[in-house]
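User: Got a structure here that I'd like to talk through. Can you take my questions one by one?
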Protein chains: 2
Amino acid sequence: MTIKDVAKYSGVSITTISRVLNNHPDVREEVRAKVLKAIEELHYVPNSSARDLGKMQTDTIGVVVRGVGNPFLNSVLHAIEKEVGRADYSMVMHQIGSNEDELAEGASLVRSKRLKGLIFLGGRFDYTPEQIATLGVPFVCCTYTNTFGSLKKTAYSSVYIDDYAEAFRAVKTLTDLGHKKIAVLLGTTDDHSISELRFKGYCDALKSAGIVLDKDLIIEAKSFNIDDAFKATESFLKKGKDFTAIFSIADAMGIAAIKALHTVGLNVPDDCSLIAIDGIQVSKYTIPTLTTLVQPSKQMGTHAVEVLLNVIKEECGSCQLKLETALREGGTLAKPKA
Amino acid sequence: MTIKDVAKYSGVSITTISRVLNNHPDVREEVRAKVLKAIEELHYVPNSSARDLGKMQTDTIGVVVRGVGNPFLNSVLHAIEKEVGRADYSMVMHQIGSNEDELAEGASLVRSKRLKGLIFLGGRFDYTPEQIATLGVPFVCCTYTNTFGSLKKTAYSSVYIDDYAEAFRAVKTLTDLGHKKIAVLLGTTDDHSISELRFKGYCDALKSAGIVLDKDLIIEAKSFNIDDAFKATESFLKKGKDFTAIFSIADAMGIAAIKALHTVGLNVPDDCSLIAIDGIQVSKYTIPTLTTLVQPSKQMGTHAVEVLLNVIKEECGSCQLKLETALREGGTLAKPKA
DNA sequence: CGGAAAACTGAAAACGTTTTCAGTTTTTCT
DNA sequence: AGAAAAACTGAAAACGTTTTCAGTTTTCCG
């Protein structure tokens, strides 16, 4: 069942069929209707390989995602998938591990699949303009502030929250309650990742509250993985440091922290307050409910696709879209004990 | 940079290049080496659209997934993606909602994307052989026992756990502890879904323990969504029925149940024991730790792809692969109070 | 050493679209 | 009414591969 059959069936040329398929204006309404009817009746579906070949492009975008186990990233990912489908594009996902180079992985993906664009999700992104030029397609960074690294803010497109400011806000919530000894639960910071910015927000929030940073209160997990967060918190607790609150960089990590605290007989929020950033679904159902700054994951995904598609269509150059979090008050906050 | 350039550069015909690319035996080792070198030097990457058009196929499989928010399904999905990549195939994911017809969605996906095969993930699958024939490509059902509905067991391929037996086992764990009044937390059962089989396992486990089914102890959520599970449990609790344990069909739902119980002042496991099926990551970190039958999600995904690819290559007909769960003992089980 | 089989190679025809360009209608304007 | 512009249409040439088929070498065997 090819375009030829449809042409024969409806008595017009294949060119006209193609035009109908591609919404060209140059076709009479009457003819269009006839063709549409023929397509319907023959159950014709265009062959996308042939179409791509003819057009010399693919209508496919790639998503390079680091740390795919993370529930928050999953949520963004699914929103991306939905939006991509809505725009009649296709999407290929590519998971990478913590020690893989996202730019290199993305570049090879682009070449082999002939992608039109790329979304980088949930990792770091710290490359020189020269390195980026090797990609050859538009791309959008999603979920990380791009004010760091070797690039200017406007060098590429991005959909993000202000990691620094949000972390500041989270920690300020704790200091406002009177907390002085606030620990921070981080993923690894040795790679210019999201951790670094949120950590800065933590530091400055302490400073502006007149609190001196205590390096012993930094809990650095090996990754953003929930298991690693648990282990890190566990061994932190063994050290017996004095603290009254924890700022967790991610919901999942915070959940692990609550568990670790509970294991050694510490209660949240009575013995330790906790606040996180993310707003994953399950964090509404922990005991106590996690207090967290909810990132608009669906919006992030949707907007990432919108921005990318706009750049692809050259309707705009690079574009920065900052989204805001919303505080979801749970039960993990209390004043520090006297 | 096309195959033509490579041919010119290496002084052979494009046919030979194509043969090298496709590992045809009919090419001298010396020539092959020369061609490979040329490919390398010119950074040639085959155009997959043209290749697909020439071959009249795509090396792409589709995954139709229902209930994409579910952490367990996500885990399977990611395993599928990994394995698909390993086999040098591509994957397109298609999310569907609760009232969409997976077969119809799958069929349209196959036609528009020219897929070689399909994996159905996380929904029901109850179609007649005639309906299935409309698909036109091999497929594998993943995550649901296929012993129900209008098809014989061997009519199609499947990777699954024995939902009936595992549910039976879970509930038996409760009855063995002495529980008599056991509630069950289900997603909707009105669609021959996974709920139905696990519900049967529940019923039969009760029966074999000499317990009469009490319809008032059936908690039926509108979906498998964690929010719906919470609401359903909440309104169940309002009815004030007497019970000492809950069997939850899924981890996420169980977590919601614990929260709902806690909200009305009931403690798990003291006032109510709870067991679930799934083994999602976060359930290790709830308080108390969820006791659950862990489904091998990674294996399920990996095997689903393996099976599908085998069927595609016609190395085997349909194939049923039953996997086993493993009990992960948490802290949600206790003997019923006197 | 001659002949047949095996190994290798290339020209040309697919594959199903889009796109270009030339041509034919129809509409619009004076 | 006639000319110019706009709207519409189709033949044929791309697009970059794979595949078929016919041919040319090389190898093997008696």
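User: How many residues of chain B are in contact with chain A?
Analyst: 35 residues of chain B are in contact with 35 residues of chain A, contact being C-beta atoms, placed from the backbone, within 7 Å. On the side of chain B that touches chain A, the elements giving two or more residues are α4, α5 (71–86), β2 (90–96), α6 (102–113), α10 (226–238) and α11 (251–263) of chain B. Helices (H or I, at least four residues) and strands (E, at least two) are DSSP runs numbered from the N terminus.

User: And what's that side of chain B like by class?
Analyst: It has 15 nonpolar, 13 polar and seven charged residues. Ala, Val, Leu, Ile, Met, Phe, Trp, Tyr, Cys and Pro count as nonpolar, Asp, Glu, Lys and Arg as charged, and the others, Gly among them, as polar.

User: Quick check on the source and the numbering?
Analyst: This is a predicted model, where local features need pLDDT of at least 70, side-chain atom pairs count only at pLDDT 80 or more, and totals for chains, interfaces and linings use all residues. Residues are numbered from 1 along each chain as its sequence is written, while chains are lettered from A and ligands numbered from 1 in the order in which they are written.

User: OK, what rotation superposes chain B on chain A?
Analyst: One of 179°, with 0.3 Å of shift along its axis and an RMSD of 0.5 Å. That is the relation of a two-fold axis. The same surface serves both copies, as 100% of the contact residues of chain B recur in chain A.

User: Which residue of chain B comes closest to the rotation axis?
Analyst: B:S49, with its C-alpha at 2.5 Å.

User: Last one: is β4 of chain B buried or exposed?
Analyst: Both faces of β4(B) (residues 139–142) are covered, with B:F139 and B:C141 buried on one side and B:V140 and B:C142 on the other. Buried means 20 or more other C-beta atoms within 10 Å of the residue's own, with C-beta atoms placed from the backbone; 12 or fewer is exposed, and in between is partly exposed.

Notes. Two residues are in contact if their C-beta atoms, placed from the backbone, lie within 7 Å. Copies are superposed by least squares on the C-alpha atoms of residues with pLDDT of at least 70 in both.
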